Amino acid sequence: MTRSRGLHRRALLASAASLVALPFAGIESLSAAPTGAGGGTLTYAVFPEPTSLVAISTSGGGDRLVSAKVVEGLFTYDFELKPKPQLALSWSATPDGLEYTFNLRPNVKWHDGKPFTSADVAFSLLLVKEIHPRGRATFANVRAVRTPDPLTAVVVLSAPAPYLVYALAAGETPIVPKHVYETGDPRTNPANQAPIGTGPFVFKSWAKGSHAVYERNRDYWDAGKPHLDRLVVRFIPDAGARAAALESGEVDISGGNPVALSDLDRLKALPNLAITTEGNNYQPQQVQLEFNVANRYFKDQRVRQAVAHALDRKVIVDTIYFGYAIPAPSPISPLDARFFDPTVETYPLDPANAEALLDAAGLPRGANGNRFAVTLDYNPFAPERLQLAYYVKQALAKIGIDVTIRTQDFPTFVKRVYTDRDFDFEINGLSNIVDPTVGVQRAYWSKNIIKGVPFSNGSGYSNPEVDRLLEAAAIEPSHEKRVQLFNAFQQIVAREVPLINLVTKLAATVYNQRVSDHTVTGDGLEGNFSDVRVAAK
Amino acid sequence: MTAPSPSAPAAVAETAARPSRPTMRALRALVGSRPAVAGLVVLGLVALVAILAPFVAPGDPLAMVARPFVRPGVSGAVPLGSDALGRDLFAGVVHGARASLVIGLAATVVGLLVGTLVGATAGYFGGRADLVLVRLIELFQTIPNFVLVVVMVAIVQPTIVTITLAIGIVSWPPVARLVRAEFRALGARDFVLAARAAGCGDLHMMLREILPNALPPVISTASVMVASAILMESALSFLGMGDPNLVSWGAMVGAGRDSLRSAWHVSAVPGLAIVVVVLALNFVGEGLEEAFDPRRTGERR
């Protein structure tokens, strides 16, 4: 509380000072001249507020957006998702894909002065395997991590896990200090609230419900970085308030669609603000219309194809997403350049063909013009999904399918789809996390039809050939062969449409023009901000 | 008490010192009040539009018929403009009148029925029944109304029936208090005592003797209840907890909230409709209250 008041007072003093200094603009900019390298303060708005400032036992959105500033990973990834060195300089794998050797960066120190070694890496990877919600799956094949010397870590696998090297970003697999986390329960370790890492920023304070303050790490291993003196993370839960803060310059940057979609163009037109949709590659979000393939109508592939032919991805992109999405007909997003197959069946808008398919499926129009009636649920997590539901209802009315939209809260939706399986079809969004084996397979693999597990195979789709392809790709060490396997998989799924992949969301980052070099990796603002620069206000 | 002949209660009631019916006088007073008449005219028009909605604005009001964000007065096809999905705001307002009026009236009927039943029972019988029922009323009054509605609608699916019931369930306590107070006040009057002396049964006493005289303040409350039910449905839809298959003014305001800074008319058009109807209902309510007020009409009960 005191801290927050102190901050406000400082802000007030600063604005008072700038008012006084207005006639002496030259003098003011001199006094604000950077001390050290670069300098300046970046105010970064994050939502929702993290529960933990280290993403070691959580995959929460807010947690990931702050974690990497202090706690780094072995790699970072470029926009094509190629690994780039962070705490690891290089890696190599044995031909059988059962052993990965990581050469670590020398002369790296934790913020408390202790040296960073391979013991920390071994400890962290096994900890993530144990307590991270996705780590259990990603690192399932990890048998042991050997540490032959302080700068070498060898991951020993029981079966190949070719996706592993893509899961080592700071936000997904943070490397934490062993000497801090080895005692007590790591989930409740005090360092989750006051992190100690190797990153470019040193944690100073966290006033819950308001802001967290980080300062420049003077001993950072990447000499000359970070460019910022100070990073202030503001937690602003309301989109309208975020828009106002960005407009007024109170906040410099915020990502993940910080304002209403319909407000983005208005902000873009303001002289001090700019928008980028880069940095969505690490976890592109697929927006999907998922069928219950056990439904009496949707169990017929022709009916599902007819629905696909009735929907126009261009309308969805332009009207529902205000241009902040791209058509994405395949289960793998076009943003994942490694594996996306652009030749899949797209079922372009073709109502006549849709009607012919429905006639062929033995569902003629009745006396009232309707063929059949179904209920559409939607995951209420993102507000635009109701708008999308309205569009689906309208589009399907044209081919004689009467749709009733059903609203419910998030837990009810999850229970209805994944536990009770009491739905006809629904609108959902699943991220392509890290690698298709980790982020895509879960929705199509028949062994992942598990009652009660959210975001598993919700359609109930089961195809032995798809299962075979997915299982082969999961343990195939050769990248080229994996591409072939995933291409075959995409072809089948896009044709049989157990769920229609509609678009990939392009989450926008809104930033003040005085900020540069903020989105330099495939995971966007989840990066460590060591490259970010701010010009004087 | 000796067993009275079946016709006795009615006869006694007729001859007892019973207040003359204030209805005609009240009606005259109501017609004399200009805001009340204006309110009645507006409500009549809105009701007419709601009834004739399929003719005034044919077709599905949720259909995407125009470009998104057409401003009012620009296109003849969508005279009041269109929303983010290109839906006709005029059709929305016309069809939304149905949902708002139906939910407002039905929820009020539910509230009146429950409230009158509870209030009459508590006020008439007194004693332990009164004690228990008053605690029940207080229990409901201490829970914030809107929060309770949200909880109830969240538990069941939001449909027009569940929303109506939920709003009705939270709006009965004030009615119950009012009716209970009237019943207690009227219970000691001469005409009631006369009816009791004549051996009338409890049901007859409550329904035929006391209730008609307790009704005037309830009726004037009712119009305000309709207004608050409409507002509650609007708030519910604004929060996205309305029936998504139903056009309602609140849902339209809520849908326009995101684009308030760039296309304010999307929220303003249905918002104005809410303002006008709620204002009209309040005018009528005030008119009724004045009309039934014996001090103003010069009549004493």
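A:Arg514 and A:Asp252 form a salt bridge, in which the closest N and O atoms are 3.1 Å apart. A:Arg514 belongs to the loop between strand 19 and strand 20 (515-516) of chain A, and A:Asp252 to the loop between helix 7 (239-248) and strand 11 (253-254) of chain A, so the pair ties together parts that are 262 residues apart in sequence. The model is a predicted one, and a search of the whole structure finds 32 salt bridges over all chains.

**The seven-strand sheet of chain A**

- Seven strands of chain A form an open sheet with mixed pairing, in the order 8-9-10-1-11-19-12.
- Strand 8 (201-207) and strand 12 (273-276) of chain A stand at the edges; each has a single partner strand, so one side of each is left without a neighbour in the sheet.
- Strand 1 (residues 41-46) and strand 10 (residues 230-235) of chain A run parallel and are joined by six bridges.
- Within this pairing, A:Val46 stands opposite A:Phe235 of strand 10.
- Helix 8 (residues 261-268) of chain A lies across strand 12 and strand 19 (509-512), and runs at about 130° to strand 12.

**The six-strand sheet of chain A**

- Another open sheet of chain A has six strands in the order 14-18-13-17-15-16, and its pairing is mixed.
- Its edges are strand 14 (325-327) and strand 16 (401-406) of chain A, each with a single partner strand, so one side of each is left without a neighbour in the sheet.
- From one strand to the next, the twist of this sheet averages 30°.
- Strand 15 (residues 372-378) of chain A pairs with strand 16 of chain A in the parallel sense, over six bridges.

**A hairpin in chain A**

- Strand 4 (residues 88-93) and strand 5 (residues 99-104) of chain A run antiparallel, with five bridges joining them.
- A:Ser92 stands opposite A:Thr101, which is in strand 5 of chain A.
- Five residues lie between the two strands of this hairpin, where A:Gly97 takes a positive phi near 70°.

**Backbone details in the loops of chain A**

- A:Phe47 and A:Pro48 are joined by a cis peptide bond with an omega of about -15°; A:Pro48 is found in the loop between strand 1 and helix 3 (61-67) of chain A.
- A cis peptide bond also joins A:Lys225 and A:Pro226, with an omega of about -5°; A:Pro226 lies in the loop between strand 9 (211-216) and strand 10 of chain A.
- A:Val434 is not a glycine, yet has a positive phi of about 65°; its place is in the loop between strand 17 (425-431) and helix 14 (436-439) of chain A.

**The contact between chain A and chain B**

- The contact takes 21 residues from chain A and 19 residues from chain B.
- About 1,800 Å² is buried between the two chains, and carbon and sulfur atoms give 53% of this area.
- One salt bridge is counted between chain B and chain A: A:Glu247 forms it with B:Arg261, and their closest N and O atoms are 3.1 Å apart.
- Seven residue pairs are in polar contact between chain B and chain A.
- The side of chain B that touches chain A has nine nonpolar, six polar and four charged residues.

Definitions and conventions
Residues are numbered from 1 along each chain as its sequence is written. Chains are lettered from A and ligands numbered from 1 in the order in which they are written. This is a predicted model: local features need pLDDT of at least 70, side-chain atom pairs count only at pLDDT 80 or more; totals for chains, interfaces and linings use all residues. Side-chain values use heavy atoms; hydrogens and water are left out. Two strands pair if DSSP finds at least two bridges between them. Helices (H or I, at least four residues) and strands (E, at least two) are DSSP runs, numbered from the N terminus. Axes are lines fitted to C-alpha atoms, for helices over the stretch in contact, and angles run from 0 to 180 degrees between N-to-C directions. Contact means heavy atoms within 4.5 Å. Buried area is the accessible area (1.4 Å probe) that two parts lose on being put together, summed over both. A salt bridge is a side-chain nitrogen of Lys or Arg within 4 Å of a carboxyl oxygen of Asp or Glu. A polar contact is a pair of N or O atoms within 3.5 Å; within protein, one must be able to donate a hydrogen and the other to accept it, and residues adjacent in sequence count only if both atoms are side-chain atoms. Ala, Val, Leu, Ile, Met, Phe, Trp, Tyr, Cys and Pro count as nonpolar, Asp, Glu, Lys and Arg as charged, and the others, Gly among them, as polar.
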